[in-house]
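Open the model in your viewer and follow the stops below.

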There are 2 protein chains.
Amino acid sequence: MRKIGIPEIEDIALGAALLGAGGGGDPYVGKLIAMGAVQEHGPVTLLDPEEVPDDALIVPIAMMGAPTVLCEKGIGGEEYKVLYETVSAFFGKPIYAFMPIEAGGVNSMLPIAAAARLGLPMVDCDGMGRAFPELQMVTFTIGGGSATPMALVDEKGNSCIFRTVTNQWTEELARAVTMSCGGSVSVSLYPMEGKFMKEYGVKNIVTRSEMLGASIRKVKESTDKTPEEAFLESAEAFKLFKGKISDVERDVRNGFNFGKVVLDGIGDDKGKSAYVEFQNENLTAVVDDDILATTPDLICLVDTETFIPVPTDALKYGKRVLVVGLKCFPLWRTKEGLELVGPRYFGVDTDYIPLEERCKGGC
Amino acid sequence: MRKIGIPEIEDIALGAALLGAGGGGDPYVGKLIAMGAVQEHGPVTLLDPEEVPDDALIVPIAMMGAPTVLCEKGIGGEEYKVLYETVSAFFGKPIYAFMPIEAGGVNSMLPIAAAARLGLPMVDCDGMGRAFPELQMVTFTIGGGSATPMALVDEKGNSCIFRTVTNQWTEELARAVTMSCGGSVSVSLYPMEGKFMKEYGVKNIVTRSEMLGASIRKVKESTDKTPEEAFLESAEAFKLFKGKISDVERDVRNGFNFGKVVLDGIGDDKGKSAYVEFQNENLTAVVDDDILATTPDLICLVDTETFIPVPTDALKYGKRVLVVGLKCFPLWRTKEGLELVGPRYFGVDTDYIPLEERCKGGC
């Protein structure tokens, strides 16, 4: 148990941008929302998962819809109170703590705001260890968890709570309401007991995010390593490629951002060529026709000077980036995990081979 | 308190077709659903409103969406159980009885099915005394009642419960979910306490509907009156016009059926001309440029021989119909009532004058 205030939020947001693996929405607006709540109500208690009783009601908090709409429409002060009341009433017992469902991107920040406003603790755990584009893509699905009862509130005070027969119906109905409410709403989903959270969740991911953020912030402080060495070491990242963006293709289909960024090698990679394909998040990194990494391992592009993560919507011609790979949460590497988020699910015709094996010969 | 079984359902359905005032959806499918439930679970107890305790939780049941979709998709057996559980859990107390929200059209039948399946009584009361096209058009709105918490379930088992800031938002969100669920769902709305129901509801409307149905069924049994006289007397109806349909205009806009039926006079009305305009339900009856009736009074077209009501979707060239007016529930004639359902709300540029005054000189 420890407190997270403004400085911690800064680092968590920076780390969450890396864990977004190119997607998840820019944490910036979320950071402002979290900081606003903490300034008003004081720091949030972050619980170690092992501190949570087995029968405690734990509720992940997120936003649903387009992060760009969130920038315009914002989140008022009352949404999380309505979510709290709706879900507590539904279960007939109070929520013990909130948690993030997604540690990457903007959804890393909103549970902090919710916890601050309700005076509840937040658990140091999520259901992805990164960001993913679809509702069922959480470790809790592997454990047989259901997204519903899922509660949804908008900034005007409208709310509803769903129970559905499949997570696909949850997606369908919640998406319809989200659109009617203007394209961005606050939700709670995958409500669960402490025991289940401890068994299937990605534990201590908020702390990991904070450490990643701190290491990016302090990357130039090292005296015995280059900033790049310091970054790779502290992030436990595999260097995949260093290049200059020569082309970006984008295609918005079915509510997803599909695309491909092409890179010309610089530095050690001069003369080589690489590309990264994405569907919201980065899916594959290919260098001179060799696949070096695929989902569910994290493929992240960072600025070559500042090491600040570059999300897919900020990819620009001429920008110099370092492409790195981070190992995903072990549960994603199981048969069940790969069925949910492996390369073939995303239409990439290759078997999943762990990042560290693909890079064995040196990336 | 009395029981309603198959024969009562037959008559209520026939009366509900008349109270539909041209709209409300054909009660036929609803009748089959209600009869199926009663055959399986036995007759339903119909409570007089005065038998309901002040603090009892009373929940109106209806279908939302297109009645034509209901014909294809039907209603399974489980929807009302899910509605019951969802609403009882929300309020933390069991539902005491169901009731219709709308006595006209298909929604007259579904609360009977719900009551039979759950073994609950149904209250002899509704919120319109007829059919109306929009969610807020209930007497309970005049009393300050809210449509929410509104629960919604589909035949697959998906469910949700809404709370909204205005009834307009209820319409918006519930409509979005209804469409995603395939265009027809079962709902409960305007949940209320017994006291409020007794104060603002249209009491004994189910019994009235049954009597109307019975009188249409027995219209030819009278020995001292013509069938038409018998029908007009038992229905307390004002004869407005008798004619042959010479034209029907229809226009589907924003989910409503707009239109106009033009009639050439027959019998006593030979040489005259009339038209009836509708938005789902009939709005105005005009004979030789004189307005003889407007909403919220009920304007009903019935077959000249059988006196079976003719809904707007069954209007056909050459059909002979009797146009009659029925007085609406007194609360609709107040200032608040006319704001909700008066002619000007529907874009008809005339003041409301009660049917019996317009017909004083003889219709």
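How many residues of chain A are in contact with residues of chain B? Select 18 in chain A; they are in contact with 18 residues of chain B (contact: C-beta atoms, placed from the backbone, within 7 Å).

This is a predicted model, in which local features need pLDDT of at least 70, side-chain atom pairs count only at pLDDT 80 or more, and totals for chains, interfaces and linings use all residues. Residues are numbered from 1 along each chain as its sequence is written, while chains are lettered from A and ligands numbered from 1 in the order in which they are written.

**The interface.** Colour H4 (79–91), E8 (159–163) and H7 (167–180) of chain A: each supplies at least two residues of the side that touches chain B. Helices (H or I, at least four residues) and strands (E, at least two) are DSSP runs, numbered from the N terminus. H7(A) gives the largest share, six residues.

**The strand pair.** Now show E8(A) with E8(B), residues 159–163 of chain B. Five bridges join these antiparallel strands (pairing takes at least two DSSP bridges). Pick Arg163(A): its bridge partner is Ser159(B).

**Last stop.** Select Ala285(A). Leaving aside neighbours within four places in sequence, its contacts include Leu240(A), Phe241(A), Ile299(A) and Val323(A).

Terms used: Two residues are in contact if their C-beta atoms, placed from the backbone, lie within 7 Å.
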